Amino acid sequence: MSNWSDLKNNPRLREIYTQRLKMIRLIREFFWSAGFEETATPAAVRFPGQEPYLNPVPVLFHDSAGVENKFYLQTSPEFAMKKLLAAGFGKIFQLCRCFRDFEQFGGNHNTEFTMIEWYRAPGTLEEIMDDTEKLFKYVAEKSGIGAVEHKGKKINVVGGWERLSMREVWKKYVGVELDDYLTSEKMAELARERGYSVEASEPYEDLFYKIFLNEIETKLGLEKPVMIYDYPEQMCSLSRLSKNDPRYAERFELYIAGLELANAFGELTDAVEQKKRLEADKEKRKQLGKETWPVDPDFINAIKQIGEAGLPAGALAEAGGIALGVDRLVMLFTGAKDINEVIFQAVGDQLDKTF
Amino acid sequence: MASTSEIRKGVVIRQQNDLFVVVEFQHVNPGKGAAFVRTRMKSLATGKVIEITYKTVESVDIVSVDFMTMQYLYKTGDNYAFMNMQSYEQIEMNGDLAGDDAKYLKEGLEVIVGMYEGRPVSIQLPKKVQYKVVEAPPAVKGDSASGNVTKEVVLENGLHVAAPIFIKEGEEILVNTETGEYSARA
């Protein structure tokens with residue numbers, strides 16, 4: 001918890017908050033000096049993302065005559081920032097508040113949290129990996145916290161990082177060739193063999209995560225930070241398929257001490273495919289009984305513009321982008337026990353539940 | 001069968017014919033993908049701790065646990081004795097199940113006890129508990145100048161916490177039971 005009296009009386013919490021303020025400054029310094037422009041986009045949008053498992057917070061705006069307009073607080077600035085790419089801003093970042101409803105008040109979640117997203121167009125997933133590694137090393141060096149502690153073990157952030165493909169981690173921790181388990185049928189078979197309950201027609205992604213979260217994720221990044229890349233095509237989300245092997249998508253996640261800190265894409269710049277995937281996500285929201293809204297038409301137009309920007313006919317432009325949880329970054333560096341310790345007056349603290 | 005949204009500390013889940021009490025849970029919702037609940041649970045039969053991750057849309061077999069407000073009385077051997085505030089009935093809880101939280105108990109403290117088939121399986125403490133300081137070394141002049149802003153004090157129930165140097169013996173302070181840290185003067 002971090003109310004004013006805690007910050008005043010508890011030196012550990014005060015130090016965590018002081019480090020937070022410093023790290024926000026360091027993140028900005030890093031991107032400014034790397035030639036990125038800092039952008040600002042609306043916190044409230046008419047058409048938020050379509051991620052099936054996210055719940056945007058609805059808000060009502062009224063004009064002077066009292067006419068009501070429904071908006072949603074952003075779950076991420078992704079759509080708006082890609083629109084800026086379409087406008088020709090090619091190296092951009094934003095530090096902003098995002099909101100995700102129906103999540104735990106505490107632990108690794110707070111309804112309101114701070115995200116940093118950055119994009120490169122043109123740009124590749126490898127460049128985003130390089131940026132990520134350099135950013136963490138910059139924050140580590142400048143804050144004087146070069147290593148982070150996790151369950152009594154030290155993980156050196158300024159030393160060597162690992163980049164492993166999904167194939168490699170499945171081989172290492174589950175002992176199987178992921179190439180052989182790229183269909184729902186095969187993955188369901190594997191899950192059953194390993195003692196998981198499997199329902200009929202479970203989607204590939206859910207089966208994949210059952211094994212991944214139980215047997216792999218908690219072991220990631222325990223020695224050094226690791227970026228896991230090449231996600232099976234079923235989990236491509238808004239990323240493009242790999243040029244070398246279209247069974248996999250250009251996506252990576254960063255793990256340090258078993259904590260997922262960032263998700264990055266080689267951005268999908270094919271507008272037709274983009275619309276198809278978002279409509280499918282919207283359909284899934286409907287099936288899950290969640291509120292739906294139209295796929296943002298302006299976003300699809302922006303993707304079309306990025307895809308076609310100044311390239312020879314037939315080719316699509318390359319762009320890369322990433323979203324990184326700033327509160328989790330601060331948790332990691334400061335050894336905070338709970339996200340509520342790195343946020344001033346987190347939701348749980350404002351509600352002050354004694355039980 | 002119940003929804004994973006009902007998983008919280010102290011609920012009891014039936015998993016492969018064994019009963020487990022949830023000691024920790026964490027929602028995992030990366031956004032770009034499905035949502036899960038990661039749980040750490042202790043077997044009621046053996047005390048063994050296991051970790052299981054459920055999909056949020058999965059149904060789990062949560063058995064009915066009654067949560068009752070009880071007052072802590074005293075320690076008896078390895079057990080802790082509580083009194084039900086409604087029926088005035090006394091119960092004893094096994095020290096293993098009470099776990100690390102037991103160190104925050106003090107006579108008269110009201111906690112929420114989870115009862116399964118008449119047997120206590122979990123306790124939930126208030127987020128902050130007030131204690132009397134029974135031992136506090138005097139502040140030494142120059143302490144704060146040399147960077148020593150806290151000192152170790154002993155509380156009425158034997159708990160040791162780091163408190164600001166101005167805290168004196170006989171004062172009442174609030175302690176955060178999630179972190180074991182000093183929170184404020186009561």
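Domain bounds are those given by an automatic or database domain assignment. In this predicted model, the assignment divides chain B into domain 1 (2-63), domain 2 (66-124) and domain 3 (128-185). This briefing covers the pairing of domain 2 with domain 3 in chain B and the packing of helix H3 against helix H9 in chain A.

**Domains 2 and 3 of chain B**

- The centres of domain 2 of chain B and domain 3 of chain B, taken over C-alpha atoms, lie 26 Å apart.
- Domain 2 of chain B supplies 5 residues to the contact, and domain 3 of chain B supplies 11 residues.
- About 590 Å² is buried between domain 2 of chain B and domain 3 of chain B, with 60% of that area on carbon and sulfur atoms.
- On the domain 2 side, the greatest losses of area to domain 3 of chain B fall on Lys103(B), Tyr104(B) and Lys106(B), which together account for 84% of what that side buries.

**Helices H3 and H9 of chain A**

- Helix H3 (residues 78-86) and helix H9 (residues 297-308) of chain A have axes that come within 8 Å and cross at roughly 40°.
- H3(A) is therefore oblique to H9(A).
- The crossing of the two helices, H3(A) and H9(A), is left-handed.
- From H3(A), the contact involves Phe79(A), Lys82(A), Lys83(A), Leu85(A) and Ala86(A).
- From H9(A), the contact involves Asp298(A), Phe299(A), Ala302(A), Ile303(A), Gln305(A) and Ile306(A).
- Sorted by class, the residues in the contact of H3(A) with H9(A) comprise 7 nonpolar, 1 polar and 3 charged.

Definitions and conventions: Residues numbered from 1 in each chain as written. Chains lettered and ligands numbered in written order. Predicted model: local features only at pLDDT ≥ 70, side-chain atom pairs only at ≥ 80, totals over all residues. Heavy atoms only, no water. Axes fitted to C-alpha atoms, helices over the stretch in contact; angles between N-to-C directions. Helix = DSSP H or I, 4+ residues; strand = E, 2+ residues; numbered from the N terminus. Parallel < 35°, antiparallel > 145°, perpendicular 65-115°, else oblique. Left-handed = near helix turned anticlockwise from the far one by under 90°. Contact = heavy atoms within 4.5 Å. Nonpolar A, V, L, I, M, F, W, Y, C, P; charged D, E, K, R; others polar. Buried area = accessible area lost by both parts, 1.4 Å probe.
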